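Here are some notes for a colleague who is opening this model for the first time. Please read them with the structure in view.

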Amino acid sequence: MLEQYKRDQLTIKKYTTRQEMGAAAAADAEKVIAEIIAEKGYINMIFAAAPSQNEMLQSLLNSDRIDWSKVNAMHMDEYVGLPEGSAQSFGTYLNDHIFSHKNFKSVHYIHGAAEDAQAECARYSEILQKYPVDVVCLGIGENGHIAFNDPWVAEFEDKKAVKVVQLDEMCRNQQVNDGCFQTIDDVPTHAITLTIPSLLAAKYLFCVVPAATKAEAVKNTVYGPISENCPASIMRTHSAAILYCDADSGKYLTEE
């Protein structure tokens with residue numbers, strides 16, 4: 001590890017490579033997951049779906065401390081209108097990278113292809129009530145979003161648990177930059193997302209953010225005002241949130 005320090009309540013851990021970063025995040029998460037399962041017999045978790053999560057998820061899969069049959073799994077956002085099973089679907093990503101590899105207690109997908117997106121939001125809100133979240137594994141978007149709470153739709157005091165949002169151009173371009181779509185015209189314009197209060201309700205947040213394309217967002221998250229203009233900045237108010245960076249994403253960070 002290169003550096004570790006705090007900004008408000010947020011712990012920041014910076015590593016040389018994204019492999020080290022992902023392995024470290026998984027090790028920290030593994031310890032908490034095992035402790036919560038030992039304490040109450042199960043755990044409720046929310047997973048992000050993005051290439052930024054690859055190394056952490058692979059390291060979690062390699063864990064011999066996690067009893068996955070005690071894990072209720074959810075995911076945090078999904079495009080509206082993509083056919084079920086589409087390669088670009090976040091549900092497909094999570095199925096391919098983690099859900100299909102272990103015997104989970106339960107897995108709850110957001111159905112972006114549902115005919116009534118608002119009804120799907122209501123259905124998933126009930127799931128969140130049934131499974132109060134213990135741990136969220138998340139990332140940060142190039143525009144500072146968490147889940148699909150882009151700056152212009154993010155609400156720190158959102159009354160909704162799940163909602164439909166329109167995606168801004170920077171957010172949609174990120175999906176092209178990540179190699180998920182060929183052109184921005186291929187990227188859906190709307191998504192279903194868990195809101196910021198739904199994410200912050202978790203006892204623990206493990207936020208994994210590699211790559212130089214995220215450096216500006218990481219800088220704004222850590223040093224900028226706590227503002228909906230950079231939704232990820234709200235993590236600085238959470239009592240058990242950790243931000244993991246590699247040398248590229250954390251290039252603007254210096255210990256104070």
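Predicted model: local features only at pLDDT ≥ 70, side-chain atom pairs only at ≥ 80, totals over all residues.

1. How much space lies in the largest cavity? About 220 Å³. The count of cavities of 30 Å³ or more comes to one.

2. Next, the aromatic rings. A pair of aromatic rings is described by the distance of the centres and the angle of the planes. Searching the whole structure gives nine aromatic pairs. In one of them, W68 and F104, the ring centres are 5.1 Å apart and the planes stand at 50°, so this pair is tilted. The cut-offs matter here, because planes under 30 degrees apart count as stacked and those over 60 as edge-to-face.

3. Where in the chain do W68 and F104 lie? W68 is in the loop between α2 (54–61) and β4 (71–75), while F104 is in the loop between α3 (90–97) and β6 (106–108). The two are 36 residues apart, and the pair links distant parts of the chain. Both W68 and F104 are buried.

4. F90 and F148 make up another tilted aromatic pair, with 5.6 Å from centre to centre and 35° between the planes. F90 belongs to helix α3 and F148 to the loop between β7 (135–138) and β8 (162–166), so the pair ties together parts 58 residues apart in sequence. Are these two residues buried or exposed? F90 has a relative accessible area of 7% and is therefore buried; F148, at 2%, is buried as well. The cut-off behind both calls is that buried means under 20% relative accessible area.

5. Ring pairs also join several residues into a cluster: F47, W68, F99, F104 and Y109. The tilted pair of W68 and F104 from point 3 therefore has both its members in this cluster.

6. The charged end of K219 sits over the ring of Y252, at 4.9 Å from the ring centre.

7. Helix α2 is mostly covered, with six of its eight residues buried. Which residues of α2 are buried? They are E55, M56, L57, S59, L60 and L61. These buried residues pack against α1 (18–40), β3 (43–47), α3, β7 and β10 (204–209).

Conventions:
Residues numbered from 1 in each chain as written. Heavy atoms only, no water. Phe/Tyr/Trp six-rings, centres within 6.5 Å; stacked < 30°, edge-to-face > 60°. Helix = DSSP H or I, 4+ residues; strand = E, 2+ residues; numbered from the N terminus. Buried < 20%, exposed > 50% of the residue type's maximum accessible area, 1.4 Å probe, protein only. Lys NZ or Arg CZ within 6 Å of the ring centre and 35° of its normal. Contact = heavy atoms within 4.5 Å. 1 Å grid on protein atoms, 1.4 Å probe; cavity = no way out; pocket = protein on both sides within 12 Å on 5 of 7 lines; lining within 4 Å. Points joined across faces, edges and corners; volume = space filled by probe spheres on them.
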